[in-house]
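Here are my notes on one helix pair and on the salt bridges. Please read them with the model open.

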Amino acid sequence: MTDYIRNIVKKHTITPPATLIRGATVLSMDESIGNIERGDILITGSNITAVGKNLDVQDAHIIDATNMIAMPGMVDSHRHSWEGQLRRINPNATCLDDYSNATHFSFAKYYRPSDIYVGNLLTALGAIDAGITTIIDNSHNSRTAEHSDAAVEALLDSGIRAIHASGAPVSGEWDRAHWPGNWQRLQDKYFRNNPESLVSLAVMAQLEPELWYEARRLGLPIITEFFGAEMASELKSLHQQGLLGSDNIFNHCTALPDEGWEILREAGVRVNVCPRSDSHYGIESGMFAIEAAQRHGINPGLSVDNETSYSTDMFMEMRVAFYLQRVMGMHKQHCCDSGHSLATLPAAQLLKSATVDGATCAGLQDKVGSLTPGKQADLILINVADLNLYPNGNAFGTVVHAAERSNIDTVMIGGRIVKQNGKVLGVDSERLRAAIDESREHLFAAAGYEPDIFAEKFLPIIQSN
């Protein structure tokens, strides 16, 4: 990394000893605390220490949260962060091959460590801006040790809470000698002696027991892109061998039959689903799997997956989930049982998927996901006095069906304010844009791609070699 790149984000200010958020509409996402129409949240250091009404606190920094909704920061439990500078390059993609052609088979093999850094940094800052305080970074472009370092350093510099999952590239030449030894090297370099770090390590691996053994030797979670129609037949054998467990995190889980869901539940496999990705790319059935998961006693997190076709925000993820469920329910009602009552996920349940359930998917349920005393102070304040939100007729409905990133006034991660008055703090926007532009120019030139901002579809790049 050059000093120029590493200086895009300035170090955040010191966390005040105590902060009191006063007078908010509190959506705690904790059943024992509940919801409070005008409540207070006390934060001491990096932790939430009290949630209630009219807290009597001396010598605290006061945040007036009148006309604000206070809620946990959202958790994106599956994101390919390295692709940040390829935002919306392929908005009309219709299949998974379209996605792969615009990423793995076009630009991925030309990524330098600095490009990985820029992609991860841009993704992380965009997530913070959108009220996403935790991401699981599925980094399936770890070409060299230097590329992996760049990905981790970008997450550390951004100030986001993240799990970096080191994964093998899909195409092109890469340094196979560092794989999977790179996992232990990363653990030793960044994480072993830094238990308070906001960033931790995982691995990306498909149904590859030899790699799972190494991950488990190191105590690292294992993340798999799991497509049920294609891969379900392997679950029974893996389960019988005792190879599935609570350290497995499966993305997508589309078109998985009931027997497969029963195995995942018995083994304790963690799951996230992708409302937009699965429908946008028509992955298997094209319908995301939240209804099937919950029917089998699994509450999955939500994930954005990537930004190459659509936006980064979790608000839209919840909305698409809501309407997909409506469509699926109406189809079942019409085709299967005319007397069948229409059952869909309410707004509060969708917000739980974006917070508590996402935290559980990440294995961070004891740290984040709800406004619970003792947990880390990862939270957001949404300004419901804004024209598009006022009056606030229903707090859950406002968040799930109406809020936008522009309504997020404040974002706090580990007690540290990283967005305030609607602006992400510490970012040198001019240098960030310059780094993004340089990275894109390099990638486009290396791949022989002529950008067209009006193109209806990304055309595969045909390499002469």
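1. A term first: buried means under 20% relative accessible area, exposed over 50%, and partly exposed in between (1.4 Å probe, protein chains only). By that scale Glu307 is buried, at 4% relative accessibility.

2. On the source: this is a predicted model, where local features need pLDDT of at least 70, side-chain atom pairs count only at pLDDT 80 or more, and totals for chains, interfaces and linings use all residues. Residues are numbered from 1 along each chain as its sequence is written, and side-chain values use heavy atoms, with hydrogens and water left out.

3. Glu307 has a partner. Its side chain meets that of Arg88 in a salt bridge (3.6 Å, N to O); the term means a side-chain nitrogen of Lys or Arg within 4 Å of a carboxyl oxygen of Asp or Glu. Helices (H or I, at least four residues) and strands (E, at least two) are DSSP runs, numbered from the N terminus. Arg88 is partly exposed, at 39%.

4. Arg79 and Asp76 also form a salt bridge, at 2.7 Å from N to O. Arg79 is buried, with a relative accessible area of 1%. Asp76 is buried too, at 0%.

5. These pairs join up. Asp76, Arg79, Arg87, Arg88 and Glu307 are linked in a network of salt bridges. The count of salt bridges comes to 21.

6. Another of the bridges is Lys352 with Asp357, whose closest N and O atoms are 2.7 Å apart. Lys352 is partly exposed, at 25% relative accessibility. Asp357 is buried, at 4%.

7. Now the helices. The axes of H3 (residues 113-129) and H16 (residues 429-447) come within 10 Å and cross at roughly 130°. Axes are lines fitted to C-alpha atoms, for helices over the stretch in contact, and angles run from 0 to 180 degrees between N-to-C directions. H3 and H16 are therefore oblique to each other: angles under 35 degrees count as roughly parallel, over 145 as roughly antiparallel, 65 to 115 as roughly perpendicular and the rest as oblique.

8. Which residues of H3 and H16 make the contact (heavy atoms within 4.5 Å)? H3 supplies Asp115, Val118, Leu121, Leu122 and Leu125. H16 supplies Leu432, Ala435, Ile436, Ser439, His442 and Leu443.

Definitions and conventions. Contact = heavy atoms within 4.5 Å.
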